[in-house]
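Have the sequence and the model side by side.

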Amino acid sequence: MAHQLRAVGLDFIEVAPVRLVFAREMSAGPKAVYRALADDVPGWAEWFSAVTFARPTGDGSTREVRLRGGGRFQETIIAAKEPEVYAYRVDVANTPGIHAFAEEWRLTPSGTGTLVRWTFALDGTAPVRFLAKLGRAGMGRAFRGAVAALDRRIAA
């Protein structure tokens, strides 16, 4: 069943009740990383193991994403500033208990590569907030694996 979430902007990333922030360096430069995030949405399933399907929808300002385990989201891009930030909010999810959800990928030059900072921002019922915090270690592993796989993909 689809659940409509509260529409949030980029400011939500900083004030959400649950904020999980992960960072890792990549050898690829910010422009290449940004293009992989923003311009190759279907490619996400190739490098982010949690993603099984992703595609841009509408005029490209929205996306459909499916996750391993059955999560399904309709998202709206809320920031696309090359090569610095790519962020989106979830508008519709098949997971009950989520009130608002957004993610931000912030890219900062680091030597010849990029420091990638991913922020997961969520508001929901108490059990959803608890489970999101409980999942921090697994999300960190997924992020580190995704960034390493993306770096290999860009280098190929």
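A residue counts as exposed when its relative accessible area is over 50%, as buried when that area is under 20%, and as partly exposed in between. Keep these cut-offs in mind while reading this predicted model.

Start at the surface. L131 has a relative accessibility of 55%, so it counts as exposed. L131 sits in helix α4, which covers residues 126-134. Together with F130 and L134, L131 makes a nonpolar surface patch of about 360 Å².

S27 is another surface position. With a relative accessible area of 53%, S27 is exposed because it is over the 50% cut-off. S27 belongs to the loop between β2 and α2. Leaving out residues up to four places away in sequence, S27 touches T112, G113 and D151. Its C-alpha is also 8.9 Å from that of L115, although 88 residues separate S27 and L115 in sequence.

Now turn to helix α5. Buried residues of α5 are M139, G140, F143, A146, V147, A149, L150 and D151. The buried residues of this helix pack against β2 (18-26), α2, α3, β7 and β8.

Which residues have the most contacts inside the largest nonpolar core? They are W44, W47, Y86, W105 and W118, in a core of 40 residues. Helix α5 gives the largest share of this core, six residues. Take W47 as an example. Beyond its neighbours within four places in sequence, W47 is in contact with L37, W105, G145, A146, A149, L150 and R153. There is also a second, separate core of seven residues, with F12, I13, A102 and A121 among them.

R153 leads on to the charged pairs. Side chains of opposite charge can pair when their charged atoms come close. The structure holds eleven salt bridges. One of them joins the side chains of D40 and R153, at 3.0 Å from N to O. D40 lies in the loop between α2 (30-38) and α3 (44-47), and R153 lies in helix α5 (residues 136-155), so this pair ties together parts that are 113 residues apart in sequence. Both partners keep some accessibility. D40 is partly exposed at 28% relative accessibility, and R153 is partly exposed at 37%.

A second pair is K81 and E84. Their closest N and O atoms are 3.3 Å apart, in a salt bridge. K81 is partly exposed, with a relative accessible area of 48%. E84 counts as partly exposed too, at 35%.

Is E104 buried or exposed? E104 is buried, because its relative accessible area of 2% is under the 20% cut-off. R117, at 32%, is partly exposed. Salt bridges with shared partners also join R55, E64 and R66 into one network.

How values were computed:
Residues are numbered from 1 along each chain as its sequence is written. This is a predicted model: local features need pLDDT of at least 70, side-chain atom pairs count only at pLDDT 80 or more; totals for chains, interfaces and linings use all residues. Side-chain values use heavy atoms; hydrogens and water are left out. Patches are made of residues with over 30% relative accessible area and no salt bridge: like charges are joined within 9 Å, nonpolar side chains (Val, Leu, Ile, Met, Phe, Trp, Tyr) within 5 Å. Accessible areas come from the Shrake-Rupley method with a 1.4 Å probe; for residues, only the protein chains shown count as cover. A salt bridge is a side-chain nitrogen of Lys or Arg within 4 Å of a carboxyl oxygen of Asp or Glu. Helices (H or I, at least four residues) and strands (E, at least two) are DSSP runs, numbered from the N terminus. Buried means under 20% relative accessible area, exposed over 50%, partly exposed in between (1.4 Å probe, protein chains only). Contact means heavy atoms within 4.5 Å. A nonpolar core is a set of buried Ala, Val, Leu, Ile, Met, Phe, Trp, Tyr and Cys residues joined through side-chain atoms within 4.5 Å.
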